[in-house]
Amino acid sequence: MRSGTANINIDEAVLIEQCRRGDFAAMERLIIKYQNRIYNVILKMCANPDDAEELTQETFVKILEGIENFNGRSSFYTWAFRIAVNLTINHCKRGQKLVTRSIDAEDSEYNEQAKTQLKEFLRDDGSSEPSAVAQNRELCRIIVDSLSKLDDTQRAVIVLRDIEDMSYAQIADVLDIELGTVKSRLSRARSCLREILEANFQ
Amino acid sequence: MKENLNIDEMLNGFIDGELTVRQQTEIQRLIRHDPQVEQRLRQLQRCKMLVGALPRDEAPDDMLERVKASLERRTLFGDETEDFSRQKGAKHLLGRRLLTVAAMVGLIIALGAVIYSIVAPESVSEKSNPLRRETGRIAARPEHILTDFAGRPVAATAFRGRLELKTADFTAVDAFIRRAIEDNGISEYLGSAIQNNRSVYTLACGRDILNSLLSDMENIWPRFSSATLFVEQDRLGEEIAVAGVSPLRIAEVIGQDSYEKRIEAAKKFAAMNEVNALLPGRQVLAAIDGRKPLSITIPRPVLTSGEKTVEKSSRRAELGEKVQLIIIVAGSR
C-alpha cells in the first residue's frame, strides 16, 4: 500500500470535525484513507484510468467543500461514495469522456487462453480459482469490458457489492434507492453479466 | 419468470449473506432437493467471485497533491468570482430598488399634483401647475386697470374682468360690437381704442345692461375663433382664465351675487376645461381629425332656439352693482 491507509486509525467523527474546522492535516488524512477505494470503484465503473483520476479528484474536492453541510444522517462512508458514484454515473451518461473504442470489435482480440479459463471458471469444473483469474490480465480485461456493457445503474450496484463489498443497506443509501430495488437490480445485473461473459466463448 | 427472478434474488441474498436465518434455511432446503437451484446458485456465486477477483487498483501517488491544488485554485478563483458576482448582483438589485422607489415617488407626486390642481384652492396651486397654465391659465394683470371715473380702483365686491375675443372677420365684428354697445346705451362707456387690428372697449355698467349686450353679441359669437374671460381676484392680484367661454357662462359668472361665488364659478368653468383636456382619447381623436392636440377648449354652445338665455332686465340691476369689463377684440388670421 503506497499511501499506508491501513496504518491510519483515527476516529472518523473526530477527523470529520477537524476537517470542518479547516484542519488541512485532517483533510489529508481523510483523502489518504479513502482515495484508493474511491478510485477503484470509479475505475471499475468508468473503465478509463484518466477519467477515473479526474473523477476521484473531483470527488474529494466536492467532499471537502461540502463537508460543512454533511449532516450525519448517513455515514460519512456512504455519503462520500454517493458523491463518487453520482459523479461517475453522470459522467458516463454525458458520454463526453467515455472510452470510444468498440468492445464488440475487440472480442476477437481476446486470446484463447483467457477465453478457455473464463469458460472453465463459469462452468465450475474446478480447474480455475479466483486467484488465478486475478493473475490473468487478459481475463481481467474481459471482465471489465463485460461490466462496461451493463446499464450504469446495474454496474454501480454490482461494483459496490462485489468490489467494494458494501451491504445492501449501504448500497441503498449510496444510490438513494429502496432495499428491494437493490435486490432486484443486483439480481438482474448478475444475470446479465453472466450472459455477457458467456457470450465470449459461445 | 417472476418466480425465477424471485429465486434469483433469494439466491443472491444467500450468496451475499443478506437473508434472515429462516430464509437461509429455506434456500438450503431448496438447494438440497433441487439440482437446478443448486446449479443456478453456483453460477451466481461464480459470477460474484469473478468480479470480486478483479485486482484492486490504487489511486495515483499524486492524488493528494492534485486535490490540494484543485482546492487552492477554487479558493483563489472561485471565491473571487463568487464575491464579484455577489457584489455585482447586490449593486444591480439596489439600483433596481432605487429606480422602483423613484418611479413610485414620481407617480405619487404626479397623481397628487393632478388631484390637487382639481380640488385645491386656486390661490395656492395655480402658480406651480403647468397644466393649469395650458387651459385655465393665470395671466398677468392687464395693462388696462379698471378704475372709476375719479381714477380710484373699483370696490372689491364689483365684478372686474376682461373678455378677449379673436376673430378672422375683425372689421365687421368690431363694428357690430361698437354698435351693440351704443344701442344698449351704456352710459359709462369709457371709450375704445383701435390699433393694429385690435379694439379695446372699457365698459362700466350694471349687470342687466351687460347681459343685454352679451345677448346681442350671441349673434356674432360663432364668428369668434376664441373667447377667453379673465376674472380678476382682488386678493392676490391674479386672474382666472376661462377659455372657450360663451355668453351664457359669462352671464353666469357675472350674475353671481358675491365675490366668492363669482370666483368659484370661474374656477368651475376653468376646471371643466382641464377635465376636458384630460379626457382619454382626446389627443388621439385630435390627431385623427388632423388638429393640433394642444388647442384645448370647450366647444362654444350653439343656440338652437330664439329664446334669449340672458334676460335684458335683471333683478340684480336693482341692486345697483357696477360691472366693469374690458372687451378686447383682435383680428386673427
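Analyst: We can go through one chain and its contact with another.
Analyst: This is a predicted model: local features need pLDDT of at least 70, side-chain atom pairs count only at pLDDT 80 or more, and totals for chains, interfaces and linings use all residues. Residues are numbered from 1 along each chain as its sequence is written, and chains are lettered from A and ligands numbered from 1 in the order in which they are written.

User: What is the secondary structure of chain B?
Analyst: Chain B has eleven helices and six strands. These are DSSP runs, numbered from the N terminus: helices are H or I with at least four residues, strands E with at least two.

User: How many residues of helix 8 in chain B are buried?
Analyst: Nine of the eleven residues in helix 8 (residues 207-217) are buried. Buried means 20 or more other C-beta atoms, placed from the backbone, within 10 Å of the residue's own. Among them are B:I209, B:L210 and B:D216.

User: What do they pack against?
Analyst: In chain B, the buried residues of helix 8 pack against helix 7 (170-183), strand 3 (198-206), helix 9 (247-254) and strand 6 (322-331).

User: And across chain B, what percentage is buried?
Analyst: Of its 333 residues, 28% count as buried.

How values were computed. A residue is buried if 20 or more other C-beta atoms lie within 10 Å of its own, exposed if 12 or fewer, and partly exposed in between; C-beta atoms are placed from the backbone. Two residues are in contact if their C-beta atoms, placed from the backbone, lie within 7 Å.
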